[in-house]
Amino acid sequence: MVNLAVLGAQLAFLVPVAVIILVTVVLAWVVGLLVGRLTQRTSPHMAGAARRLAVIVVALIGGTLALQALGVSPDILLLVVALLGATALIALRDPLGNYGAKYFSDIYTPFKVGDTIQVGAYSGKVIEINPMATVLLSDKEQLISLPNAALLRDVVTNTSPQAWKEVTVPVTLPGSVDLPAFESELLKSLSKLRMRLDPRFPPVVTTKARSPQSTELAVTLMLRRPEDRDAITSETNKRLGEVLEQVRGARR
Amino acid sequence: MPALSICINTQTPLVQFLGTNPGTSAPGSPRADLDLAALTEGRDYRYSPGGVTRMVYPLVRRLIHEGVLREAHWVALNPHAPPTVRLNDLTLHNVSIAGDRMAGYGTVKEAIWGRIHELNGVEEHDELFWSEAFSEYAYYNRRTAELIQQLDEKFDFDAFYIHDFQQLAVGHMLGTLKPKIFRWHIPFDAATIPDKWRAMLSTYLRSYDVVVVSAQSYAKSLRQLEPTGKVIRLYPYIDPTDYSHPNAVQVEAVSRRIGLAPEDQIALVVGRMDPIKGQDLAISAFAAVAADYPHLKLVLVGNGSFSGSASGLGLSKSARWRTHLEEMVVEARLQDRVLFTGHLGQEELDSLYERCRFTLLPSVREGFGLVAVESWIHDRPAIVTERAGIAELIRDGVNALLFDPDESGALVRQMKRLLDDPGGKLRARLVRNGRTTARKCSLDAAERAEGEMLAAVTEA
């Protein structure tokens, strides 16, 4: 027969571990929420990444403390993780650079497929933007593949007519979100900005890609004044986040 | 070419359900899939009268029969229907949206309709695409596109055939590389489009590989919006075998039922109760000739559209318009000479075509005007507005009589030409040539033209 008193004494050391895990979970949730609030004027893409990063950092700290409470030295573990990370970064430096550049160019670079751009000595119509490179079709019908990292390093000139007018904000919707309701509420929300937008071009929501897990959309707005670009992008991102929460809330 | 699988999308459903039955939307009843063969036409359901569905259904049936299509799925707005209804080789999928959203959607579609038909001023709905109502129009179109997308994942369609301006945004919302065809059924004159609408309409039109219109002038005008796909003209059509030629006994029975005496002559107007259909012009013209032709009666056939019906969107413009027309008749003291029949079944309508002396198509604007073709296949002469797409097929005095609805007295003049026709020579010529013209708007012609278009777009 098991002696409960002995078993309790043997398991007592787990109590601090459980407390640490519990506190970590709560803290991760609170930090995620705070970071979400702080980043609501950036794109939902960016805000989501920031939230995930903050949660991972809290989880790592909590995990390290929990290991210490168990009497395991976390030094070796941290060293292995750090070495693996450094090796991966060195080995995948170029692709990761391009991928990262694509990630940021999605959000901040003012061109899209169909535009004509000039980057250094190269110019042409953008026909593809993939995780590694942006592909241009030149006037001589040559394909030019520009590593995405180059687009962050070099000056990019969008030579499409009235390119300054257009702001395209990407948004990824989880598959669980009701797209028709989201679009409808978003159009209502964005119509409040119409004094700042070209009255001939109401906002347009375009489906870029879809899978059972998510739908990638692009919200296109046309500015009335070029100097409003940054403010409109920021405001649109804020409204995207609000509408997303609203539609999710209505579903719950 | 291998047989195709296509998805058709219209606003108006092919079949409207009447009342409640085990398969439809009785409160608390299961919304199970339904086979239409299990129900009774007239009691449980009816086919939507006239318009787009009247045209598309025979074509789909024929293309399936001829092996051009392997299967067809038809998505439409049908708030009072089960989600899926089987009808032989055709599967009907019904979209339903909440009443408050329906109201917003209705506002936008009526505004577009009114502007295209020049019933509204250019400035009246300048901000339409920024309005809250537009978000509901987008909602309905997106809901439709989502359903089509789900069906495509299941059935892997070869092409999408979207019909009419109410569905215009669907093509843009369908995230697919497969061919998309859009048929614009109403008139199109770029001059009627407000400046603030052009970019939006252009964005939507550019998402289609082919845009089909009903008249050459519409095609020319629509190209001004710079669609990226082809713009082609295909005449609307009817299946002549859907029309009967009732015998004298049947015609007499229908005539008696609606209050016609044997000596009465009929001028027939067939069209839903809508200001755009110009029934007021017909009443005014009739009032001008009534005293000279004491046996002539004007018969107005038609009710509201799907938009106006209780089983549809519930917009009440048709009832208002009919009241206005009835007031006109009372004012002209013609209550015993002008008859309103409401909606008639096809056989009853065929009886009136057989019974009439001539038909009138007095529309202020008309996408095409298949009523004239119906008149021709019943060997009856037609007097047709110049503002109809079909006018480009008509030579005045050869296959029909044309009139300008804005010209005072023009309709009266043409009615008198037929009423005073010595020896019936004009009538005989119009009937003979009309019958020939009707072949251009027949199902046979459409089968060829639409089949070629589908082949071209799917093989391109």
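Predicted model: local features only at pLDDT ≥ 70, side-chain atom pairs only at ≥ 80, totals over all residues.
Residues are numbered from 1 along each chain as its sequence is written, chains are lettered from A and ligands numbered from 1 in the order in which they are written, and side-chain values use heavy atoms, with hydrogens and water left out.

**Loop residues with positive phi**

- Most residues other than glycine have a negative phi.
- Asn88(B), which is not a glycine, has a positive phi near 55°.
- Asn88(B) sits in the loop between strand 6 (84–87) and strand 7 (90–95) of chain B; helices (H or I, at least four residues) and strands (E, at least two) are DSSP runs, numbered from the N terminus.
- In chain A, Glu141(A) also has a positive phi, of about 60°, without being a glycine.
- The loop between strand 3 (133–137) and strand 4 (143–147) of chain A holds Glu141(A), and this residue counts as exposed at 68% relative accessibility.

**Helix packing in chain B**

- Two packed helices are described by the angle between their axes and the distance between the axes.
- Helix 1 (residues 51–65) and helix 14 (residues 443–459) of chain B have axes that come within 10 Å and cross at roughly 70°; axes are lines fitted to C-alpha atoms, for helices over the stretch in contact, and angles run from 0 to 180 degrees between N-to-C directions.
- Helix 1 and helix 14 of chain B are therefore roughly perpendicular to each other; angles of 65 to 115 degrees count as roughly perpendicular, under 35 as roughly parallel, over 145 as roughly antiparallel and the rest as oblique.
- From helix 1 of chain B, Pro58(B), Leu59(B), Arg62(B) and Leu63(B) meet residues of helix 14 of chain B, including Leu443(B), Glu447(B) and Leu454(B); contact means heavy atoms within 4.5 Å.
- The residues of this contact of helix 1 with helix 14 of chain B are 6 nonpolar, no polar and 4 charged; Ala, Val, Leu, Ile, Met, Phe, Trp, Tyr, Cys and Pro count as nonpolar, Asp, Glu, Lys and Arg as charged, and the others, Gly among them, as polar.
- Helix 8 (residues 279–289) and helix 9 (residues 317–331) of chain B pack at about 10°, with axes 10 Å apart, and are therefore roughly parallel to each other.
- Gln279(B), Asp280(B), Ile283(B) and Ser284(B) of helix 8 meet Trp321(B), Leu325(B), Met328(B) and Val329(B) of helix 9 in chain B, a contact of 5 nonpolar, 2 polar and 1 charged residues.
- The axes of helix 11 (residues 370–377) and helix 13 of chain B cross at roughly 120° and come within 8 Å, which makes helix 11 oblique to helix 13.
- Helix 11 of chain B passes helix 13 of chain B in a left-handed crossing.

**Residues around these helices**

- Asn433(B) belongs to helix 13 (residues 425–438) of chain B and counts as partly exposed at 23% relative accessibility.
- Leaving out residues up to four places away in sequence, Asn433(B) touches Val398(B) and Asn399(B).
- Met273(B), in the loop between strand 12 (265–270) and helix 8 of chain B, is buried, with a relative accessible area of 3%.
- Beyond four places in sequence, the contacts of Met273(B) include Gln279(B), Trp321(B), Leu325(B) and Phe340(B).

**Nonpolar cores**

- The largest nonpolar core has 79 residues, and Phe182(A), Leu168(B) and Trp184(B) have the most contacts inside it; such a core is a set of buried Ala, Val, Leu, Ile, Met, Phe, Trp, Tyr and Cys residues joined through side-chain atoms within 4.5 Å.
- Helix 3 (residues 132–155) of chain B gives the most to this core, with 10 residues.
- A second, separate core has 76 residues, including Leu92(B), Val212(B), Val371(B) and Met453(B).

Conventions
Buried < 20%, exposed > 50% of the residue type's maximum accessible area, 1.4 Å probe, protein only. Left-handed = near helix turned anticlockwise from the far one by under 90°.
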